[in-house]
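Subject: Structure handover and what turned up

Hello,

Here is the structure for you to open. Please have it on screen while you read my notes below.

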Amino acid sequence: MSAPDVLRVIALAAQAEMALVRRDAVAGPLLAQAARAADGMPAGHVLAEAARLLRAAPEREAVRQAALSLCRMGLQEAQADLLGGAP
Amino acid sequence: MLGAAGADVDALAGIEQWARRSVVVPDGTGIVDMHVHLGIDRDGHALGADDLVRDLDANGIAAAAAFPADEPGASGDFREANLRVCDAATAHPGRIIPFCRVDPAGPFEAVMEEAHRGGARGLKLHPVAQRFRPESDPCVAAVRLATDMGWPVVFHAGFGARPLGPAFAALLERVPSARLILAHGGRGDHRALAAATAAYPDVLFDTSIAALPDLVMLPPERLVFGSDRPYGDHAQALHLVGAAARVAGWDAAALRAVLGGNARRLLGGVAP
């Protein structure tokens with residue numbers, strides 16, 4: 001993947017992280033976008049699971065916290081990818 | 001709970017395992033989590049001691065430094081919450097390292113002395129929640145007292161609007177021997193904070209909910225592992241350190257230091 005591809009994932013995941021922290025309903029669409037953008041990248045599977053989980057039960061606090069954890073891991077993985085530490 | 005909400009529990013368990021495997025823990029590492037809140041926070045986040053220890057066991061973590069959530073109590077001085085954390089440490093010897101929390105605007109000397117008698121081993125200060133500045137006279141006095149007691153001080157340091165570099169530079173100018181742990185890697189003002197504290201080897205940054213680019217810019221001897229439970233979780237926290245190790249190229253000794261060695265040095269032999 002190119003650097004712009006990875007940067008796009010980082011931007012979307014970072015926005016989704018803060019939306020989840022603030023319990024903002026825009027978190028769901030942002031996570032879905034991040035998951036699509038990360039398809040085929042090391043961050044893809046965690047972001048896809050985060051998006052799927054939040055879509056299933058966005059009103060549940062436990063779901064929000066789990067999605068937030070997954071989102072952060074996806075963000076971390078994408079940042080590592082951009083910085084040259086992809087697995 | 002997540003299963004009832006329609007989650008694919010097997011997929012989540014697989015991701016947890018993947019996250020834990022992403023950090024190759026060197027043999028002989030006793031992982032120390034330097035950032036855990038116990039109790040029930042005003043914002044609803046909660047964590048009990050038994051749940052914490054179960055979580056430590058599940059993630060191969062030897063011990064955690066724990067301090068009260070933002071629950072100052074009816075007295076407003078955290079006295080009761082501090083004693084609950086000390087009691088939790090007594091109930092789980094060697095697993096929970098108790099830190100006390102105070103509001104520098106209140107009667108912090110008596111609260112810290114009482115916590116010290118109860119077994120507390122450090123201080124937690126939260127300038128945003130308790131609305132004070134790190135460089136203010138009351139805060140400097142609390143840090144000076146903690147330093148005199150031989151305690152490290154964990155500071156919430158991140159996510160705010162106010163610049164952190166000049167504030168901590170001013171604090172350290174007045175208490176240069178303070179042993180500080182700046183939480184969240186100083187996320188939000190990391191560059192200024194790292195520059196302002198570079199001459200103080202006993203000022204470390206914890207990795208809890210930190211930004212990866214911030215962590216990899218620091219030498220590993222300046223980092224301690226943290227989770228920020230219950231706001232963060234251990235799988236994500238371990239994954240972050242694993243990703244930082246990959247990017248920065250830490251060897252086993254560096255990783256051992258970040259995961260536990262640096263915390264032990266700061267705690268002065270309290271951690272197992």
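Does D70(B) count as buried or exposed? D70(B) counts as buried, because its relative accessibility is 9%. Keep in mind that this is a predicted model.

D70(B) has a charged partner. Its side chain meets that of R42(B) in a salt bridge, 3.2 Å from N to O. D70(B) sits in the loop between strand 3 (61–68) and helix 3 (79–91) of chain B. R42(B) sits in the loop between strand 1 (31–40) and strand 2 (46–47) of chain B. The pair therefore ties together parts that are 28 residues apart in sequence. R42(B) is exposed, with a relative accessible area of 58%.

**Where the two chains meet**

Next, look at the contact between the chains. Chain A puts in 29 residues and chain B puts in 30 residues. Together they bury about 2300 Å². Of that area, 63% is on carbon and sulfur atoms.

Polar links are there too. Seven residue pairs are in polar contact between chain A and chain B. On chain A's side, the elements that give two or more residues are helix 1 (3–21), helix 3 (44–56) and helix 4 (61–82). Helix 4 of chain A gives the most, with 14 residues. By type, the residues on chain A's side divide into 14 nonpolar, six polar and nine charged.

How many salt bridges are counted between chain A and chain B? The count is two. In one salt bridge between the chains, the side chains of R187(B) and E17(A) meet at 2.8 Å, N to O.

**A closer look at E17(A)**

Leaving out residues up to four places away in sequence, E17(A) touches residues of both chains. From chain A these are L68(A), C71(A), R72(A) and L75(A). From chain B they are R187(B) and I209(B). E17(A) also belongs to a network: salt bridges that share partners join E17(A), R72(A) and R187(B).

Over all chains, the structure holds 18 salt bridges. Here are two more from that set.

Start with R8(A) and D5(A). Their closest N and O atoms are 3.0 Å apart. Why are these two separated by about one helical turn? They are three residues apart in helix 1 of chain A, so about one turn separates them. R8(A) is partly exposed, at 43% relative accessibility. D5(A) is partly exposed as well, at 22%.

Then go to R265(B) and D202(B). Their closest N and O atoms are 3.2 Å apart. R265(B) lies in helix 10 (residues 252–267) of chain B. D202(B) lies in the loop between helix 7 (190–197) and strand 8 (203–206) of chain B. This pair therefore ties together parts that are 63 residues apart in sequence. R265(B) is partly exposed, with a relative accessible area of 42%. D202(B) is partly exposed at 30%.

**Aromatic pairs**

How many aromatic pairs does a search of the whole structure find? It finds two over all chains. One of them is F155(B) with F168(B). The pair is edge-to-face, with 4.9 Å centre to centre and 90° between the planes. F155(B) is in strand 6 (residues 153–155) of chain B. F168(B) is in helix 6 (residues 165–174) of chain B. The pair links distant parts of the chain, 13 residues apart. F155(B) is buried, with a relative accessible area of 0%. F168(B) counts as buried, also at 0%.

**Helix 2 of chain A**

Last stop: helix 2 (residues 27–37) of chain A. Which of its residues are buried? They are A27(A), L30(A), L31(A), A32(A), A34(A), A35(A) and A37(A). These buried residues pack against helix 1, helix 3 and helix 4 of chain A.

Best wishes

Terms used. Residues are numbered from 1 along each chain as its sequence is written. Chains are lettered from A and ligands numbered from 1 in the order in which they are written. This is a predicted model: local features need pLDDT of at least 70, side-chain atom pairs count only at pLDDT 80 or more; totals for chains, interfaces and linings use all residues. Side-chain values use heavy atoms; hydrogens and water are left out. Contact means heavy atoms within 4.5 Å. Buried area is the accessible area (1.4 Å probe) that two parts lose on being put together, summed over both. A salt bridge is a side-chain nitrogen of Lys or Arg within 4 Å of a carboxyl oxygen of Asp or Glu. A polar contact is a pair of N or O atoms within 3.5 Å; within protein, one must be able to donate a hydrogen and the other to accept it, and residues adjacent in sequence count only if both atoms are side-chain atoms. Helices (H or I, at least four residues) and strands (E, at least two) are DSSP runs, numbered from the N terminus. Ala, Val, Leu, Ile, Met, Phe, Trp, Tyr, Cys and Pro count as nonpolar, Asp, Glu, Lys and Arg as charged, and the others, Gly among them, as polar. Rings of Phe, Tyr and Trp (its six-membered ring) pair if their centres lie within 6.5 Å; planes under 30 degrees apart count as stacked, over 60 as edge-to-face and the rest as tilted. Buried means under 20% relative accessible area, exposed over 50%, partly exposed in between (1.4 Å probe, protein chains only).
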